Amino acid sequence: MIKVGVIGSGSMGIGIAQVAANAGHEVVLFDTNQQAVEKAMNKLQKILVRLVEKGKIEESTSVEILERISPASSLIEMQGSGIVIEAIVENLAIKKSVFSELEEICGDDCILATNTSSLSVAAIAAACKKSSRVIGVHFFNPAPLMPLVEIIPAIQTSDAIENETRSLIDSWRKVTVLAKDTPGFIVNRVARPFYGEALRIYEEGIADFATIDWAMKEIAGFRMGPFTLMDFIGNDINYTVTETVFAAFYYDQRYKPSFTQKRHSEAGWYGRKSGRGYYDYADGAESLIVNKNKELGDQIVWRVLVMLINEAADALFLNVASREDIDLAMTKGVNYPKGLLVWADEIGIQKCVDALDDLYNEYLEDRYRCSPMLRRMAAAGSTFY
Ligand code: NAI
């Protein structure tokens, strides 16, 4: 079994190390901040104790996982790895310098993978002389619990490395999907309207946070409403992702960030972690009143859902991924109750097109333009499946 190197011991790095160790690999974990490694190992130990207490894993498994992960004091210790997964700070210049250093340390056959969520894999690969062995492997947070991993070959990546990487991650009992090296890959692209359209509905004064959350959770069946989810992710992080995706798409209006979220982020109202976001998490804080008007709820759900379907259809139209992988990505990466393309078939493609055209005709904004794929399918009377 190959040795696995993990660089960066933040929330993602330690989670990935746990997944690899659980699959039986020896793992070497490096971070420039030695304290971060110690903190991560202590945190992992506590998580494993809890898992044993809950009867989810055997005590012996917990011991084995910890024994398999060795903290490293220098990057040199990545030598001999079959794959190195980088999960350091999201900064292109720093990632490039780590990759070019890694290339000198690791053997020619070692796969060099990045867990970046928003940078171009091609740009990171360009830091290496042998760029054909660089690939994106995008885990979701928390890595041990979320089944999805997006596999993102850069234009430089060889087919052999793509296949080898995907089989390896599959063997870790993860659900892998293949995504084109485009901004946001699958999930962070297709999910934008879940936040963006919910924020827009709020900004127009159609409904408040709690009512929108109620509609998306109770009527549409999403595990969390968009505002609860943004508070959970952190408005600082979610806003930055939106801004990055917006810029990366050359300011396509579909991905335009929202002032409401920007202000929440600027105010330090990040969400759960700061005690206040769209909701107040202080002890004894009053909960917001929900307007459980079914007609209003349906209107909210319909508008967000049709925008999500449009985004999923457009990702398929532009060959970002296959229809199966787009649906799998949303159900396994962000727990959507149903694949968006399956959902579109159930609703009826023509109905989706009409709803999008109604929005477009009303607002005359580019964000509501219907994907050519949906329009062509409606004309042909075809379905996704
Ligand atoms: P984090 O901030 O929790 O941890 C990053 C760690 O990298 C820190 O411990 C830091 O000391 C270390 N580091 C920084 N520069 C380094 C270097 N040159 N060499 C070695 N270690 C270095 O970050 P997080 O959230 O774990 O994210 C890591 C990567 O994973 C980023 O690229 C992020 O975009 C991506 N990602 C994050 C997700 C999330 O939900 N947090 C989800 C999926 C991907």
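The contact between them draws 10 residues from domain 1 and 12 residues from domain 2. Two residues are in contact if their C-beta atoms, placed from the backbone, lie within 7 Å.

On the side of domain 1 that touches domain 2, β7 (148-153) and β8 (175-178) each supply at least two residues. Helices (H or I, at least four residues) and strands (E, at least two) are DSSP runs, numbered from the N terminus.

## How to read the model

The model is predicted: local features need pLDDT of at least 70, side-chain atom pairs count only at pLDDT 80 or more, and totals for chains, interfaces and linings use all residues. Residue numbers start from 1 along each chain as its sequence is written.

## Around the ligand

The ligand has 25 residues around it, and Gly 8, Gly 10, Met 12, Ala 36 and Asn 141 come nearest. A residue counts as near if its C-beta atom, placed from the backbone, lies within 6 Å. Elements giving two or more residues to this shell are α1 (11-22), α4 (92-105) and β6 (134-139). α1 gives the most, with 3 residues. The shell holds 11 nonpolar, 12 polar and 2 charged residues.

Gly 13 lies in helix α1. Gly 13 is buried, with 25 other C-beta atoms within 10 Å. The term buried needs 20 or more such atoms within 10 Å of a residue's own C-beta, placed from the backbone; exposed means 12 or fewer, and partly exposed lies in between. Beyond its neighbours within four places in sequence, Gly 13 is in contact with Val 6, Ile 7, Gly 8, Leu 29 and Ala 87.

## Strand β4 and its partners

Strand β4 (residues 81-86) is mostly covered, with 5 of its 6 residues buried. Strand β1 (residues 3-7) runs parallel to β4, joined by 5 bridges. Two strands pair if DSSP finds at least two bridges between them. Ile 7 stands opposite Glu 86 in β4.

Strand β5 (residues 111-114) is also parallel to β4, through 4 bridges. Ile 85 has Ala 113 in β5 as its bridge partner. β4, α4 and β5 form a right-handed β-α-β unit. Right-handed means that, with the strands pointing away from the viewer, the path from the first strand over the helix to the second runs clockwise.

## Strand β7, enclosed

6 of the 6 residues of β7 are buried, so β7 is largely enclosed by the rest of the structure. In a regular strand the side chains alternate between the two faces of the sheet. In β7, Leu 148, Glu 150 and Ile 152 are buried on one side, and Val 149, Ile 151 and Pro 153 on the other.

β6 and β7 run antiparallel, joined by 5 bridges. Val 137 stands opposite Ile 151 in β7. β7 and β8 run parallel, with 4 bridges. β7, helix α6 (residues 159-171) and β8 make a right-handed β-α-β unit.

How values were computed: Nonpolar A, V, L, I, M, F, W, Y, C, P; charged D, E, K, R; others polar.
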